[in-house]
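Dear colleague,

Please read them with the coordinates open beside you.

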Amino acid sequence: HLLTIFCYADHPGPFGTTTEYLNYLTEESMLHLRENPNSVNDETEARDAYLSLHALKAMAGHFTSRDDKNVYKLFGDDIHFGNILVDPETFQITAVLDFEFWYIAPAQFLNSPPPWLMLKEPWEWDHNDEEEYKVKLRSYTKIMEEEEEAGGQDHSFSCLMQRYMEDGTFWYNLAVRESFCLPQLMKHCWALKAMQGLEPPSELDSFLNYKMDQLQRCKGAIV
């Protein structure tokens with residue numbers, strides 16, 4: 001049988017900043033990677049996962065520096081067309097389903113472009129899908145701008161959403177909270193200019209030695 005361990009990093013109290021919250025998410029994922037014997041299958045996976053989480057934590061300040069107002073909002077992490085009921089005659093939303101993935105999160109997540117503009121999940125996108133998404137997002141933000149004007153508001157929300165797509169915050173926000181799809185999402189993150197030139201952590205080799213020893217002991221216990 002396989003042993004699965006769910007690990008949760010301890011936190012003493014409320015988060016002081018959005019950066020602190022994002023660092024907590026990566027620490028929790030790192031704890032799971034380190035302590036769960038089944039978190040990887042080989043050394044390559046262990047190396048990639050460790051470098052990815054190290055990069056996400058190192059870049060948290062970069063992707064929140066301009067917007068770290070420590071504001072939190074109700075956020076639905078599983079919004080897609082299958083979870084929304086619409087009246088076929090009025091096109092008004094009548095219900096939103098699956099509230100088990102709703103929680104209080106930094107406003108940065110809510111300000112990020114909605115991935116549900118595509119039927120595919122973001123970690124399934126290829127280059128063509130990403131280009132198609134950008135076209136849909138431009139249409140979406142244009143509608144947002146019209147609604148902002150109708151409500152007497154400025155375009156700060158729609159502009160911020162577009163900027164998050166352009167500077168890669170969209171991909172960072174997904175990667176930092178979707179650890180089970182991390183390899184697929186990090187392909188997009190590693191391509192960002194901001195992620196270039198990061199030095200590998202000095203403790204990488206010791207982590208790999210620990211992880212491979214743990215994996216061998218786990219395999220031996222199963223046999």
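R163 is partly exposed, with a relative accessible area of 22%, where partly exposed lies between buried, under 20% relative accessible area, and exposed, over 50% (1.4 Å probe, protein chains only). Its side chain meets that of D167 in a salt bridge, at 3.4 Å from N to O, the term being used for a side-chain nitrogen of Lys or Arg within 4 Å of a carboxyl oxygen of Asp or Glu. Helices here are DSSP runs of H or I with at least four residues, numbered from the N terminus.

Please bear in mind that this is a predicted model, in which local features need pLDDT of at least 70 and side-chain atom pairs count only at pLDDT 80 or more, while totals for chains, interfaces and linings use all residues. Residues are numbered from 1 along each chain as its sequence is written, and side-chain values use heavy atoms, with hydrogens and water left out.

The structure holds nine salt bridges, and a further one of them joins R217 and D213, whose side chains meet at 3.0 Å, N to O. Both residues belong to helix α8 (residues 204-222), where they sit four residues apart, about one turn of the helix; R217 is partly exposed at 49% relative accessibility, and D213 is partly exposed at 43%. Another salt bridge links E35 with R34, their closest N and O atoms being 3.6 Å apart, and here E35 is partly exposed with a relative accessible area of 28%, while R34 is partly exposed with 33%.

N36 lies in the loop between α1 (18-35) and α2 (43-58), and it is buried, with a relative accessible area of 3%. The side chain of N36 reaches the backbone nitrogen of N38 at 2.9 Å, which can be read against the cut-off for a polar contact, a pair of N or O atoms within 3.5 Å.

Finally, E145, E146, E147 and E149 gather in a patch of negative charge on the surface, a patch being made of residues with over 30% relative accessible area and no salt bridge, with like charges joined within 9 Å and nonpolar side chains within 5 Å. Of these, E147 lies in helix α4 (residues 127-150) and is exposed, with a relative accessible area of 55%.

Note on methods:
Areas by Shrake-Rupley, 256 points an atom, 1.4 Å probe, with all protein chains shown as cover. Lys, Arg positive; Asp, Glu negative; His and termini not counted. Charge placed at Lys NZ, Arg CZ, Asp CG, Glu CD. Helix = DSSP H or I, 4+ residues; strand = E, 2+ residues; numbered from the N terminus. Polar contact = N/O pair within 3.5 Å; in protein donor to acceptor, adjacent residues only side chain to side chain.
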